[in-house]
Amino acid sequence: MAFAAAVILLVCASSAIAQVSQPAAAVVPCGNSISSCGCTITKAGFYQVTADLSQSQGLTALGGCIDIKASNVTLNTSKAICCDGFDITGPGGMSPTGIGIHILKSSKNDFLELPNDVDGWDVGILIEGSNNIVEDFGARFNGTAGVEVNGGNSNNVNDFSVDNNHNYGVWLRGASNNQVNCSNTENNGAVGVFVGCSAAGPISAACSPKVPASKNNHIFDHTSSDNGHYGVAIDLGNTGNTVSDISSTGNPTFDMFDANPGCDSDLWFFASFGTASQACIHH
């Protein structure tokens, strides 16, 4: 299968020309009311988005619309009326850039209530911190992933719809003990939910350079259908994960895929799907 050729990858090549070192850009702290992109939350507390945000307003030094550096942050994007929120929109296109919301590694114990769309970025929501709750959002037309948990542990990402992203819907990369639930990932270019380290999808081998395994994650109460190759996929070496209460159909390679022989210590059960890579993946 020419899988890698079918996936739109966003790869940054190193320049062969030495660049002059530049001082780091100054951090612009967010106020408690956020009306434009380009700020960093540096203190604990409650933050309210008060307008639609766009990458044209400027970005942080890390390429984000909103970066969260502090811990114990509550971020709300809802409008005064029920069930609607202010959108966070990137440049879009086939190779979008930037990050919609970036929870940095230093940030823990945050609660993000996002009844809005985070669309058109390289990564819609990037979580590198731990013990955070992110919920009630849509993420579409992003490049690498709608949601990426990169190295973050014990996060709860729930009540979302992530579809029509160029590569992954949700990507758990070097991320353990996370929970993904009450959600759906549909019509993404490669994989609905991918647990592994490769930007090209399952490679059934160890990554080089090495990335920590993603272990003991829980993916449940989830629909992952009509993606470009896989619905839910766990790559080799990522074990102890639980996948349950899943509906996954219409994914042309496999609806459910586990590269670990005999699924190792991954558990797959209580699921509705059309195709699976191994008999250890149970209905």
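This passage describes the overall build of a predicted protein model, then one of its strands and one of its residues.

The model is predicted, so local features need pLDDT of at least 70 and side-chain atom pairs count only at pLDDT 80 or more, while totals for chains, interfaces and linings use all residues. Residues are numbered from 1 along each chain as its sequence is written, and side-chain values use heavy atoms, with hydrogens and water left out.

The protein contains one helix and 21 strands; helices (H or I, at least four residues) and strands (E, at least two) are DSSP runs, numbered from the N terminus. Its radius of gyration is 18 Å, close to the 19 Å given by the globule rule for 283 residues, so the protein is as compact as a globular protein of that length. The radius is taken over C-alpha atoms, and the rule is 2.2 Å times the number of residues to the power 0.38. Along the principal axes, the C-alpha atoms fill a box of roughly 55 × 50 × 30 Å.

Of the 283 residues, 51% are buried, where buried means under 20% relative accessible area, exposed over 50%, and partly exposed in between (1.4 Å probe, protein chains only). Among contacts (heavy atoms within 4.5 Å) with a separation of 6 or more, 57% join residues 24 or more positions apart. The accessible surface of the protein is about 11,700 Å², and carbon and sulfur atoms hold 54% of that surface. These areas come from the Shrake-Rupley method with a 1.4 Å probe; for residues, only the protein chains shown count as cover.

Strand S8 spans residues 99-103, and five of its five residues are buried, so the strand is largely enclosed by the rest of the structure. S8 pairs with strand S5 (residues 64-68) in the parallel sense over four bridges, and S8 also pairs with strand S10 (residues 123-127) in the parallel sense over four bridges. Two strands are said to pair if DSSP finds at least two bridges between them. His102 in S8 stands opposite Asp67, and His102 also stands opposite Leu126 in S10.

Phe160 lies in strand S13 (residues 156-163). This residue is buried, with a relative accessible area of 4%. Leaving aside neighbours within four places in sequence, Phe160 is in contact with residues including Phe137, Val170, Cys182 and His222. The C-alpha atoms of Phe160 and Gly138 are separated by 5.6 Å, although the two residues are 22 residues apart along the chain.
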